[in-house]
Amino acid sequence: MPRLHSWRYFFSAAVFGLVGVLIFWRAFALQTGAQAEAFIDQSKFYSRLYTTIYPPRGEIYDRNGSLLAGNRTVYEVGVNLASLRGEAPKAIALALSSLVGADYNRVLELIAYGQENSLVYVVLADYILPEKVNLLRNYNAEREPSEGRACSNDPALIALECRQHLARSYPEFDLASNVLGFVNQDNYGNFGVEQQYQDLLAGVPESIWVPTDPNQAEVLPNIPGGASLVLTLDREIQTMVEDVLDEHILLSGAESATAIVMDPRNGEILAMTSTPRLDLNNYQTYTELYDGDRPYNRAVGQVYEPGSIFKVITVAAAFDMGVSYPEQVYPDKGVFSHGGITVRNWNGAAWGDQTILGCMQHSLNVCLADLAVNKVGAEKFYEYVEAFGFGRPTGVDMANEQLGSLRTPAVAGWYPSDLVTNSFGQGLAVTPMQMVMSVSAFVNDGKMAIPHIVKAVVQDGSQYSLSPQYAGAPISAETARTMTNMLADSLEYESSLAMVPGYRLAGKTGTAQIPTPNGTYDPNQTNTSFIGWGPVDDPRFIVFVWIERPESSIWASEVAAPAFADIVERLVVLMNIPPDNQRLAQGQGD
Amino acid sequence: MFKRSKDILQAYNQAPWRRQMQIIGYIAAALVAISLVGALYLNITARAATAGRLVLYSRREISDAEQRIEDLKTQLAFISSTEVMQQRAGELGFKPLSPHAITYLYVPEYLGRPQGAQLAPGAGSRFGALFRMPESYTQSLFDWVGELFADLGGF
């Protein structure tokens, strides 16, 4: 190598070396200098996406695993404004208005708003069903259907994007709608189980940074979905009860009806309904159906004066105190005065000597008022009424439960006349659920089962069953048995329309006048109800029926009792309960 | 021995390019070594990136599949709803039973149909908790070498 040219090599080496040193120096300066933190923050910002993950809402099943509330795929349709060209906004508006049902002018307004505010993406419609999106995907018959986010196969609609997500869906439409409640577009439960178990069903949305660098594809945090619920409801029984109630509303011309079927042994609600019922997939009609202060679920959200079915509480208190018994004779004179008021029997007649069984059989107000005033006494009467759970919530796991209305001697505003009217179920207000819980004491050896609607919770792959709870024992087991037998005899002796051949049932009718806003009672309209249970020797169900303001008859024995019988006649089939003679014969055979 | 060393020194003195070639050889060897390490590093990084992409893609697929399952379950519930089933039963000639039309038969030891639904899977994904990415997909070559030396040092 000629020594003459060697300086060129050294010069080149020096230049490249210097450049290298400068690069290293600059890199070092950027890593450690004043701007280093800002650069690092910037790089981190672009290396991750901040995303909020909404876990899928938990499902709701009936006790046998039939889906009552699930999730369906729906689409959000939006427009990528950067891809909009020429007359595309009008083409998009036309397509969405004709195929998806969007408003043509509204779509144009949204697009214009997005363009004026330099937005990248604008949502034009949401909760669009897949069937409608498929129409967009096949819009241009000469092209292949579009896939993925591309919403349409037509070049004029290239800017349309479809993003799928889940939305609440109810396969049974209005079945058990009063129990389930519904979920609005903000994923928030309204009424019923959806509201009561909102936190559990919805899960906890989590906002996280998702790395865009594949080398940082760390395991994302496991965000559990909402818990699923298994209800105590039986879909078949629920359907049957709703069908029977609808039939009897038609037959009686009633304003509305409510029914509850409960397993008295553990408080599991097998069916619960009231009218009107809402198509849960079209919950926007809620305001049309439930105008004013009409409650969504009357079984827990409506109080009413129960009338004669409340007499079972008065008699149970007297029996439990030992101051009366079924065969005790009461000379009914047809009129009773106390506390400044006078009460008469439902037909205004004097019934002469009647046993307590006869008083219940003929539902005599005079007899019950005398029993409450002269045998039980105000103090003990209200002790028992409160022990039976009236005046406080039952604890049923449903939203919007009402307390009822109960004045006691300990509260200002109570008058001695209240004891008289309360003894036969007037002048106080209860919810149907309270009535059912109180009567569960009669079939449960004196213990009241707290009603509940959720049987099990399924979360993280495990099912957690809820055990029955009891709300104390207001009466003894002996009193409970005496009451059940007396009320079964009462039905048989009066040949009640509530009876079902082959099955011995116990129960009580209740016909109550309806208070008016001016403090009097409506002379022409009544609330008719019936509460019964059976089979008497091994009770498997309590059935409560309330038919409000019937037109065919004002008497519960003619309106509510037949509805009870119709429900029980089909219920024993669905619950697989053989007639008493077969069942008892088999029991003796064992 | 002394003469041979003297010969080599003389050869280098007479042709200094031999020393330059030697230096270039060393540098070339170093470059080859660095290139090998770089290629290895690039190869592993590229594989890790591909695997990372696959993980992200699979995660999206899992999410889509779960959503699809939810949707299909609900669609199945729609087509087996009470109203639909009652209609189908009616079309097939079935009628509701009255209690008097039933003959109950006692079957010893039969306890009846199982009570209550037993639902195995929950609504959310459980794969995340079960899945752990192997370290070899996330650690750099330097991490790996460092770990190797740390392990050796442990002996």
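The structure is a predicted model, in which local features need pLDDT of at least 70, side-chain atom pairs count only at pLDDT 80 or more, and totals for chains, interfaces and linings use all residues. Residues are numbered from 1 along each chain as its sequence is written, and chains are lettered from A and ligands numbered from 1 in the order in which they are written. The model scores are ipTM 0.84 and pTM 0.84.

Chain A is divided into domain 1 (73-169) and domain 2 (235-589). These bounds come from an automatic or database domain assignment. The C-alpha centres of domain 1 and domain 2 of chain A are 55 Å apart.

In the interface, 48 residues of chain A are in contact with 39 residues of chain B (C-beta atoms, placed from the backbone, within 7 Å). On the chain B side, helices H2 (17-79) and H4 (127-130) each supply at least two residues. Helices are DSSP runs of H or I, at least four residues, numbered from the N terminus. H2(B) gives the largest share, 15 residues. By class, this side of chain B holds 20 nonpolar, 12 polar and 7 charged residues (nonpolar: Ala, Val, Leu, Ile, Met, Phe, Trp, Tyr, Cys and Pro; charged: Asp, Glu, Lys and Arg; polar: the others, Gly among them).

Chain B averages a pLDDT of 81, with 86% of the residues scoring at least 70. pLDDT is the predictor's confidence in each residue, from 0 to 100. Among the elements of chain B, helix H3 (residues 82-91) has the highest mean pLDDT (94) and H4(B) the lowest (48). Residues 121-130 of chain B have pLDDT below 50, yet this stretch has 29 contacts in the model beyond near neighbours in sequence. Where pLDDT is low, predicted coordinates should not be read in detail.

Terms used
Two residues are in contact if their C-beta atoms, placed from the backbone, lie within 7 Å.
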